[in-house]
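User: I am new to structures of this kind, and I would like to learn how to read one feature at a time. Could you give me the general idea in each case and then show me how it applies here?

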Amino acid sequence: MSVESTLLKVDADLRAGRIPVARQRLRGLASSYPADLTVRRRLAEVYRLYGEPVEAGRWAYLEEDRDPEETAAFEARYPDPRVRMGAVRWYGSERLVEPETARARLAGLREAASAHAGRPVCWHTIEKLAPPGDQEASLGDSEWLFLTVFAVVVLAVLGFAVLGVVTMVRWLL
């Protein structure tokens, strides 16, 4: 499905009052097309409907006419520029984006993160820093279930190993 056809569906969702569906479609587009500023702008608009200035600031961060209050809320939520880089959800070189304003903002953020880290950082490695409390970065229910089952299996294997060692020691004595 193309960006244009998905944006048409987003428009239909918004007209029908299905804001969560529109938001989900836009988040999917933003994940697949991080350099598409139209998608980012539309996602910021949807978050404004929710009254979430931090998220609106996140997705409008590269805009030329971004809202200073939303930007300040976003930067306050993610004061570490390295974590803010991850929160912006940009992948690849900043040279991939037009206009110059967006390119300059990405470069400035990367330079601030490099200064904060005391070493050069780049966009393809920064995503490893998960923003605290970020819903996208937190583990979902299926991951927790997997980790719980894995821990139970590991404990069972260790228990049987200990039982085997104790039995063998008793047998030898």
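Analyst: Let us begin with a helix pair, where contact means heavy atoms within 4.5 Å: in helix 1, Val3, Leu7, Val10, Asp11 and Leu14 meet Thr38, Val39, Arg42, Val46 and Leu49 of helix 3. The residues of this contact divide into seven nonpolar, one polar and two charged, where Ala, Val, Leu, Ile, Met, Phe, Trp, Tyr, Cys and Pro count as nonpolar, Asp, Glu, Lys and Arg as charged, and the others, Gly among them, as polar. Please keep in mind that this is a predicted model, in which local features need pLDDT of at least 70 and side-chain atom pairs count only at pLDDT 80 or more, while totals for chains, interfaces and linings use all residues. Residues are numbered from 1 along each chain as its sequence is written, and side-chain values use heavy atoms, with hydrogens and water left out.

User: At what angle do helix 1 and helix 3 pack?

Analyst: Axes are lines fitted to C-alpha atoms, for helices over the stretch in contact, and angles run from 0 to 180 degrees between N-to-C directions. Helix 1 (residues 3–15) and helix 3 (residues 37–50) pack at about 15°, with their axes 12 Å apart. The two are therefore roughly parallel to each other, a label for angles under 35 degrees, with over 145 being roughly antiparallel, 65 to 115 roughly perpendicular and the rest oblique.

User: How many helices and strands are there in the protein?

Analyst: Helices (H or I, at least four residues) and strands (E, at least two) are DSSP runs, numbered from the N terminus. By that reading the protein has nine helices and zero strands.

User: Which residues of the largest nonpolar core touch the most other members?

Analyst: In soluble globular proteins, nonpolar side chains tend to be buried together. A nonpolar core is a set of buried Ala, Val, Leu, Ile, Met, Phe, Trp, Tyr and Cys residues joined through side-chain atoms within 4.5 Å, and buried means under 20% relative accessible area, exposed over 50%, partly exposed in between (1.4 Å probe, protein chains only). Here the largest core has 17 residues, of which Leu62, Val88, Trp90 and Leu106 touch the most other members. Helix 6 (81–88) and helix 7 (100–117) each supply at least two residues of this core. Apart from it lies another core, of 15 residues, including Val10 and Trp59. In the protein as a whole, buried residues make up 32% of the 173 residues.

User: Is aspartate 13 buried or exposed?

Analyst: Aspartate 13, which is found in helix 1, counts as buried, because its relative accessibility is 2%. Not counting residues up to four places away in sequence, aspartate 13 touches Arg18, Val21, Ala22 and Arg25.

User: What is in contact with alanine 35, leaving aside its neighbours within four places in sequence?

Analyst: Alanine 35, in the loop between helix 2 (19–32) and helix 3, is in contact with Trp90, Leu96 and Val97. The C-alpha atoms of alanine 35 and leucine 96 are separated by 7.0 Å, although these residues are 61 apart along the chain. Alanine 35 is partly exposed, with a relative accessible area of 37%.

User: Which peptide bond is cis, with omega near 5°?

Analyst: That bond runs from glutamate 98 to proline 99, and proline 99 is found in the loop between helix 6 and helix 7. Arginine 89 also lies in the loop between helix 6 and helix 7 and has a positive phi of about 60° although it is not a glycine. Arginine 89 is buried, with a relative accessible area of 11%.
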